[in-house]
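These entries record what I looked up in one structure. I begin with a sheet and then turn to its surroundings.

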Amino acid sequence: MRHTLYLKFIIGYVIFGLFSFLAVSLFVPRITREYVINQRAQSLYSEASLIADTYAKGLYSSRTSLETVTLQLDSLSVYMDADIRIISPDGIIILDTASSDPDTAVVIPNFDPSSGGSSYYLVGNFFGSFDEEVLSVICPIITKYRTKGYVTIHISMGEIEAQCNSLLNISYITLIIMFLLSLIILIFFTILVYIPLRKITKGAESFADGNYHYEVNVDSRDEMGYLAAALNYMSGKIADSEDDQKKFIANVSHDFRSPLTSIKGYLEAMLDGTIPPEMHEKYLGIVLNETERLTKLTNGLLALNNLNTKGMHLDITDFDINDTVRKVAETFEGTCRKKSIAIELVLTGEELYVHADKGRIEQIIYNLTDNAVKFSNHDSVIKIETTEKKNKIYVSVKDNGIGIPPEDISMIFNRFYKSDASRGKDKKGTGLGLSIVKEILNAHSENINVISTPGEGSEFIFSLQPSDPDEI
Ligand code: ADP
């Protein structure tokens, strides 16, 4: 593609050059010749009519002798580089500045002053009286309303052709200069379009080959620059998502492999007798625990897959968030009792209506409370609070547990992230709970914040849209 585009442009350029040259060489010489002849004929005619009115008239009125007129016209013809004649109506040359023998009367047999028609000049050998082509003008000498004769002036066509050629040369030189100057367009095209396009094509080929880290290097602030930036952005995004996918698969495989390895290990040990039958119950309990972890992991993955942000379908309704908090807290009663943990509810008002997807918000509160319970120490308190501030509703889940190290806080919402500190307390964790929370809140265009001090506890606060009081 890239070769042909450039080639097409060059061919177009050469065709443009050829056509310009053809047009100039076909039409310009004719127009120039006509123009030069016209100009010369006009000036010769005004000279001729001047001569007819002055010297020639004097000749016919016998005020001036033929010798004097001949002398005057001779010097004029030298000055004009032309042949001047005075011819009688019947074609006798009375005076000829080019004649070497003025006494011999020469007759032009076919002399016909009206043969030029409306044109006031003639091109040719002037009724056979010249050996070469000449440009001639004929002007009548009129005295007392009668034509006494004619003044004719002749100049060689060779001289006119030379003048035409020098004018034509100027046209050709101008054409060549224009053609060379138009090369600038070609240079601009090469720099502004062709080279960037080549880089972009090369980049696109690299991306097609799977090399998403290739950078298209076009910095211009025009459409080419924007196209290159868009391509770089696109490839960057694809590279990121590919990296994410790789990480995701590595994490999933890892998280599936460890429980499967331990299940396989215990079952084999039970089968080959390494674990005696009386211990089976204990180890089957462990196997069951591991399968629960696998179930949890699978469910988490399915939930995340269903959420898949932008396309997530939300079933938005107005519901009482206080009621949802109460119900979620109740489900943790059993677990809390085992760890002697108390859940304290600090709810604003009896009812507090929000505008959101009830099921998903319930899942958020569940995941946050689940973490709070998991990472709390025995005999501690978990506080779940609902508040209304600046036209927003906030739900906070606060525990007095192990806390999160500051360097981990930015990562806890990533898929599969589990901080080292948490591993001791939560062996079944999948690292998916908070990423599910984040995805749901993103879909609601809401935020979540974490305040945590290691060893003291953590607080997760998320915002919700209050419902419009008129609609409840
Ligand atoms: P998991 O299902 O493993 O708990 P999450 O995505 O819910 O995964 O949490 C990710 C990590 O964030 C946890 O492994 C833990 O390290 C940290 N974390 C989350 N909540 C708390 C909390 N309340 N206290 C301390 N650490 C927490």
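**Entry 1: the sheet**

I find an open sheet of five strands, in the order β8-β10-β11-β13-β12, with mixed pairing. Its edge strands are β8 (342-346) and β12 (448-453), each of which pairs on one side only. From one strand to the next, the twist averages 15°. I note that the model is predicted: local features need pLDDT of at least 70, side-chain atom pairs count only at pLDDT 80 or more, and totals for chains, interfaces and linings use all residues. Residues are numbered from 1 along each chain as its sequence is written, and side-chain values use heavy atoms, with hydrogens and water left out.

My terms are as follows. Helices (H or I, at least four residues) and strands (E, at least two) are DSSP runs, numbered from the N terminus. Two strands pair if DSSP finds at least two bridges between them. Axes are lines fitted to C-alpha atoms, for helices over the stretch in contact, and angles run from 0 to 180 degrees between N-to-C directions.

**Entry 2: pairing, strand by strand**

In which sense do β8 and β10 pair? I find that β8 and β10 (residues 381-389) pair in the parallel sense, over five bridges. Within this pair, Ile-343 stands opposite Ile-382, and Leu-345 has Ile-384 as its bridge partner.

β10 and β11 pair in the antiparallel sense over seven bridges. Lys-389 has its bridge partner, Lys-392, in β11. The two strands β10 and β11 form a hairpin with two residues between them, and Lys-390 in the turn has a positive phi of about 50°. Asn-391, in the loop between β10 and β11, also has a positive phi, of about 60°, although it is not a glycine. I record Asn-391 as exposed because its relative accessibility is 60%; exposed means over 50% relative accessible area, buried under 20%, and partly exposed in between (1.4 Å probe, protein chains only).

β11 and β13 pair in the antiparallel sense over six bridges. Val-395 stands opposite Phe-462 in β13. Six bridges also join β12 and β13, in the antiparallel sense, and here Ile-448 has Phe-462 as its bridge partner. The hairpin of β12 and β13 has three residues between the strands, and Gly-455 in its turn has a positive phi of about 85°. β13 is mostly covered, with seven of its eight residues buried.

**Entry 3: the helix across the sheet**

Which strands does α9 lie across? Helix α9 (residues 358-374) lies across β8, β10, β11 (392-398), β12 and β13 (457-464), and runs at about 175° to β13. I checked the length of α9: at 1.5 Å a residue, its 17 residues should span 24 Å, and its end C-alpha atoms are 24 Å apart, which agrees. The expected span is 1.5 Å times one less than the number of residues.

At the N-terminal end, Asp-357 caps α9, with a side-chain oxygen 3.2 Å from the backbone nitrogen of Gly-359. The buried residues of α9 include Ile-361, Ile-364, Ile-365 and Leu-368.

Is Thr-369 buried or exposed? Thr-369 counts as buried because its relative accessible area is 0%. Leaving aside neighbours within four places in sequence, Thr-369 is in contact (heavy atoms within 4.5 Å) with Val-328, Phe-332, Ile-343, Ile-384 and Val-397.

Ser-340 is in the loop between α8 (333-339) and β8. Its phi is near 50°, a positive value in a residue other than glycine. With a relative accessible area of 39%, Ser-340 is partly exposed.

**Entry 4: the whole chain**

The domain assignment gives domain 1 (5-180), domain 2 (223-307) and domain 3 (316-471); such bounds come from an automatic or database domain assignment. The C-alpha centres of domain 1 and domain 3 lie 108 Å apart.

I also looked up Gln-72, which lies in helix α2 (residues 66-80). Gln-72 counts as partly exposed because its relative accessibility is 31%. The C-alpha atoms of Gln-72 and His-280 are separated by 147 Å, the two residues being 208 residues apart along the chain.

Methods: Polar contact = N/O pair within 3.5 Å; in protein donor to acceptor, adjacent residues only side chain to side chain.
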